Amino acid sequence: MGFALLLICLTLVGTVPASGDEITSAAHMTLADAENDKEPAPFYEVLAKALKKRKTRIDNICPTSDVVARRILEDYGAMFLAKKVSPPPRCIFTNEEQVTRFQEDAGFTSLLIGFDEVELQPEAMKQLVKAREEAQKEALDITPRDGAEAARRNYEDSVRLWNSRFSPALDYWLAQGRLNVEQVTRLQSLPLQQQVAEVLELEKSGIYFSKDLSKSILYSIAAPGTSQHIAMLAFDVNEFENPRVREIMAKHGWFQTVLSDLPHFTFLGLKEKDLPKNGLRGVEVNGQTFWIPNV
Ligand SMILES: [Zn+2]
């Protein structure tokens, strides 16, 4: 095995063109090729510029010293680059009052889809409506998953959803003997932000808190106060498995940006071809492309 690998490595080394060849082939590249081949821009650089325009800094929204905030920024941070909307002023909201103030300032509009009233920031809603119209012309549809919760959520919703993953996982790991009663009681009594920090720490040793207990809870549900749904820039789509539906969503600025959260779309208000220069890189999983921060 080791020998085979060595052989492959040697073969690869053998095929790397000499620097002279590289220069020649680069000269033949068209401008468009150069654009397509470009590495995605570094997320933190693009974010710093975007925040400067909004007269703020990364440390104001997500302090470097806060490990949880940083993790959240790198997992859900695409929304901070969204155009024509108001991204949240912080990575983590810590109470309902903060969320209410932000949501009132940003503003939102509502739409009745079937029996569900969903709410989003105005530009995000405008583009969702256009996407739905386009889908319906092709006899497709774009509908909310799990009712009104598919779009705007408040702080309390995010805490309830966190507990819907956190509590059953505690029971499971207790039964498995990976956690003891003392640890479980302690985890339950921790202030929320510390609870999140400790859950992420436990996950490093394979004690996962997602719904299926196989991956990080953050790929299953947002940490309390951090959801893109609180930002009113997310919409969970029933028809996410249809490639044409994903294409139509993308055409109107809506993209999958959270790895493993398949029905979840984020409004970025950008063209797909412009995502790399906006600090996002495309990761393909089972034929679906997720645009995540390039960190
Ligand atoms: Zn979602």
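Student: Which residues on the other side of H4 are exposed?

Tutor: Happy to start there, keeping in mind that this is a predicted model. They are Glu 45, Lys 49, Lys 52 and Lys 53. Exposed stands for over 50% relative accessible area, so each of these four residues lies above that cut-off.

Student: What makes Phe 43, Val 46, Leu 47 and Leu 51 buried residues of H4?

Tutor: Buried means under 20% relative accessible area, and these four in helix H4 (residues 43–53) fall in that class. They span an arc of only 130° around the axis, which is why they are on the same side of H4. Their cover includes helix H5 (58–61), helix H6 (67–76), strand E6 (280–285) and strand E7 (288–293).

Student: How do you know which atoms are donors of the zinc ion?

Tutor: A donor here is an N, O or S atom within 2.8 Å of the metal. His 229 (NE2), Asp 236 (OD) and His 264 (ND1) coordinate the zinc ion at 2.0 to 2.1 Å, so they meet that limit. Along the chain, the donors have the spacing H-x6-D-x27-H. Both His 229 and Asp 236 are buried.

Student: What classes of residue make the contact of H9 with H11?

Tutor: The axes of helix H9 (residues 155–175) and helix H11 (residues 192–203) come within 13 Å, crossing at roughly 35°. H9 contributes Tyr 155, Val 159, Trp 162 and Phe 166, while H11 contributes Leu 192, Gln 195, Val 196 and Val 199. By class, that gives 7 nonpolar, 1 polar and no charged residues.

Key. Residues numbered from 1 in each chain as written. Predicted model: local features only at pLDDT ≥ 70, side-chain atom pairs only at ≥ 80, totals over all residues. Heavy atoms only, no water. Buried < 20%, exposed > 50% of the residue type's maximum accessible area, 1.4 Å probe, protein only. Helix = DSSP H or I, 4+ residues; strand = E, 2+ residues; numbered from the N terminus. Arc of directions from axis to C-beta. Contact = heavy atoms within 4.5 Å. Donors = N, O, S within 2.8 Å, 3.2 Å for Na, K, Ca; no water. Axes fitted to C-alpha atoms, helices over the stretch in contact; angles between N-to-C directions. Nonpolar A, V, L, I, M, F, W, Y, C, P; charged D, E, K, R; others polar.
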